[in-house]
Amino acid sequence: MTAPTARPRHRGTGHGGVFLAFEGGEGCGKSTQVPLLAGWLRGRGHRVRTTFEPGDGVLGQAIRAIVLDPANTELSDRAEALLYAADRAQHVTTTIAPALAAGQIVITDRYVDSSLAYQSAGRGLPFAEIAHISAWATEGLVPDLTVVFDVPVEIALARVRGRAAVDRLEAESQAFHERVRQCFRSLAAADPTRYLVLDATASRGSLAAQIAGAVEALLGTEQVDSGVSP
Ligand code: TYD
C-alpha cells in the first residue's frame with residue numbers, strides 16, 4: 001500500500017471537504033465498507049455524506065433502472081456511456097459538490113473510474129473519449145483518494161451469481177470482467193499517490209483497518225471542517 005501524500009484537492013474545483021471514491025468489480029465488497037468508514041469517521045467528529053452511482057436522487061434512480069435492467073438488450077454502448085455520464089453529472093451537481101462545499105467528507109460507491117473500466121475497457125469504447133465525457137460531466141472533480149477493491153474475477157462472479165437477481169452488467173462475460181479488473185489496477189498503478197489498492201479477499205476487519213489508515217494519513221494532510229466548534 002502506498003500512503004497518500006499532500007496534493008492539490010479537488011483538482012478543477014478547489015472547494016473544501018474531502019472526496020473519497022470506492023471502486024472495484026462486481027462482488028468486491030466495497031459497498032460493505034462505505035458505512036464502516038463513515039461510522040469510523042463520524043465517531044471522530046467528522047461530518048460525512050455517503051452516496052453511490054448509479055442512482056443517487058430521483059433522476060439517478062430513473063437512469064439506474066435503465067442501465068441495470070437486463071431487459072434493455074437494445075441499449076447501445078454509447079447510449080450506456082452517456083447515461084452513466086448523465087447520472088454522474090447530476091450526482092456531482094446535486095449531491096457531491098454541495099457536500100464538499102459544506103466541508104463534508106464525501107464517500108461515493110463508484111465514480112469516474114467505473115466508466116473507464118466498464119464502458120471503455122469492458123465495452124471497448126475509446127479510453128480518451130470516456131475520460132473526456134467523464135471530465136465534462138464532473139467539471140473535472142477528481143477524488144482525493146480512490147480505494148480500489150481488487151478481487152479475482154472468478155471469486156467475485158461466484159459471489160454475485162449466488163444472489164437472486166443478476167443485473168445487465170453482472171451478466172457480462174468473464175473476459176469482460178477481467179478487462180474491468182485490469183483497468184482499475186492500471187488506473188491505480190498510473191497514479192499511486194491518489195489510489196489505495198486492496199486485496200479484497202481479505203477479511204472485512206482487515207479491509208476496514210487498511211482504509212481507515214489511509215484516510216487518516218490523508219486527513220493529516222488536509223484541513224477538514226469537523227463541524228465541531230473549538
Ligand atoms: P450496483 O448494483 O450499484 O452494484 P455494485 O456497485 O455493487 O456492483 O451496480 C452498478 C453497475 O453499474 C455495476 O455493474 C457497474 C456498472 N457501472 C458502469 O458500468 N459504469 C459506471 O460508470 C458506473 C458508475 C457503474
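**Salt bridges in the predicted model**

Asp-191 is partly exposed, with a relative accessible area of 23%; partly exposed denotes values between buried (under 20% relative accessible area) and exposed (over 50%), computed with a 1.4 Å probe on protein chains only. Its partner in a salt bridge is Arg-194, at 3.2 Å from N to O, where a salt bridge is defined as a side-chain nitrogen of Lys or Arg within 4 Å of a carboxyl oxygen of Asp or Glu. Arg-194 has 7% relative accessibility and counts as buried.

The structure is a predicted model, in which local features need pLDDT of at least 70 and side-chain atom pairs count only at pLDDT 80 or more, whereas totals for chains, interfaces and linings use all residues. Residues are numbered from 1 along each chain as its sequence is written, and side-chain values use heavy atoms, with hydrogens and water left out.

A search of the whole structure finds eleven salt bridges. One of them joins the side chains of Arg-44 and Glu-216, at 2.7 Å from N to O. Because Arg-44 lies in the loop between helix H1 (30-43) and strand E2 (48-52), and Glu-216 in helix H8 (residues 204-220), this pair ties together parts that are 172 residues apart in sequence. Helices (H or I, at least four residues) and strands (E, at least two) are DSSP runs, numbered from the N terminus. Arg-44 is partly exposed at 45%, and Glu-216 is partly exposed at 40%.

A salt bridge is also found between Asp-77 and Arg-123, at 3.8 Å from N to O. Asp-77 is partly exposed, at 32%, whereas Arg-123 is buried, at 18%.
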